[in-house]
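Q: Please look at the model below, after which the terms used to describe it will be set against their definitions.

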Amino acid sequence: MDARKVGVGVVGYGYWGPNLLRNFSEHPGCRLAAVCDKQPSRLTAVRARFPAVRCLSDFKELLNDPGVDAVVIATPVSTHFALARQALLAGKHVLVEKPLATSVRQAQALVNLARKKRRVLLAGHTFIYSPPVRRVKESIDRGELGKLYYMD
């Protein structure tokens, strides 16, 4: 095990999970440590594509794994707060697919907990770093587009 790489555990192998696994498995600074999903058929799909990755159905087992430094949560929105909170309490860094939580109060509680635990908490934004989005932001910052009322 390479101690310089961040051990990543992904929770949820539904709609967005396969993309996350692909990206983390290809990133030179990451080591895909585990995948957790409650549905056995999804874990079967993970094993077929990533045979070396540890597959779990118990979230607590993932949290107790010392090889998992960061937890990526790609589950239904209604579960984001509870899972992120548990991961932070377990001392893990956390990336939650958007939205971070179902309310501002829950999101603020996660931010406060991350600060207290001195852990990184990040909400995923698919396209924020893509070249086209960056170019539009540059145009907005330079005032090239005038006053914006709505953008999609």
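Q: What share of the contacts in the chain with a separation of 6 or more comes from residues 24 or more positions apart?
A: In this predicted model, in which local features need pLDDT of at least 70, side-chain atom pairs count only at pLDDT 80 or more, and totals for chains, interfaces and linings use all residues, the share is 55%, where contact means heavy atoms within 4.5 Å. Residues are numbered from 1 along each chain as its sequence is written, and side-chain values use heavy atoms, with hydrogens and water left out.

Q: What makes up the pattern of the chain, read along the sequence?
A: Helices (DSSP runs of H or I, at least four residues) and strands (runs of E, at least two) are numbered from the N terminus; the chain has six of each, in the order β-α-β-α-β-α-β-α-β-α-β-α.

Q: Which residues of helix α1 are called buried?
A: Buried means under 20% relative accessible area, with a 1.4 Å probe and protein chains only, and in α1 (residues 17-26) this applies to G17, P18, L20, L21 and F24.

Q: Why are these residues placed on the same side of α1?
A: They cover an arc of only 160° around the axis, judged by the directions from the helix axis to the C-beta atoms, and therefore lie on the same side of α1.

Q: What covers the buried residues of α1?
A: The cover includes the strands β1 (6-11), β2 (30-36), β4 (70-73) and β5 (93-97), together with helix α2 (40-49).

How values were computed. Buried < 20%, exposed > 50% of the residue type's maximum accessible area, 1.4 Å probe, protein only.
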